[in-house]
Amino acid sequence: MNPLRRNAITTRPRGDGHPHWCARDHSCTAYTMPTGEHRSDLLVWATDYGKFIATRVRTRTGKDRIELRAVVRLDANQRTAHGQAQRLVVGMDLAVRDALRAARTTRRAA
Ligand SMILES: [Zn+2]
């Protein structure tokens, strides 16, 4: 997958207190809100089913997370669409769990 927007992860540090991947725009609330957080540019991939969107986030206390969103076209038939929606939710949960488990295994092996 190639993101449609620039990859914020490759931006250079500027020494302004933001992580190097922070978008440094209105989406970053780290220094403007009591519970603010740094947010990367949206990384958007066009897919054959719709879009996949990722955003990296760091809280003011330094806790990192990634927010993932899939935009998926569902079938016009409501019964089929319901089945697709159920499978997508379960499948995404399993994919996240599998990726996290694989990362832990890789880290231990290194
Ligand atoms: Zn920031």
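## Basis of the model

Residue numbers start from 1 along each chain as its sequence is written. The model is predicted: local features need pLDDT of at least 70, side-chain atom pairs count only at pLDDT 80 or more, and totals for chains, interfaces and linings use all residues.

Strands (E, at least two residues) and helices (H or I, at least four) are DSSP runs, numbered from the N terminus; two strands pair if DSSP finds at least two bridges between them. R58 has D64 in β4 as its bridge partner. Four residues lie between the strands of this hairpin, in which G62 adopts a positive phi near 90°.

Strand β4 (residues 64-72) lies largely in the open, because the number buried among its nine residues is zero. A residue is buried if 20 or more other C-beta atoms, placed from the backbone, lie within 10 Å of its own, exposed if 12 or fewer, and partly exposed in between.

Beyond its neighbours within four places in sequence, R73 is in contact with Y49 and G50 (C-beta atoms, placed from the backbone, within 7 Å). The C-alpha atoms of R73 and Y49 are 6.0 Å apart, with a sequence separation of 24 residues.

L88 is partly exposed, since 14 other C-beta atoms lie within 10 Å. From C-alpha to C-alpha, L88 and V72 are 9.0 Å apart in space and 16 residues apart in sequence.

Methods: Contact = placed C-beta atoms within 7 Å.
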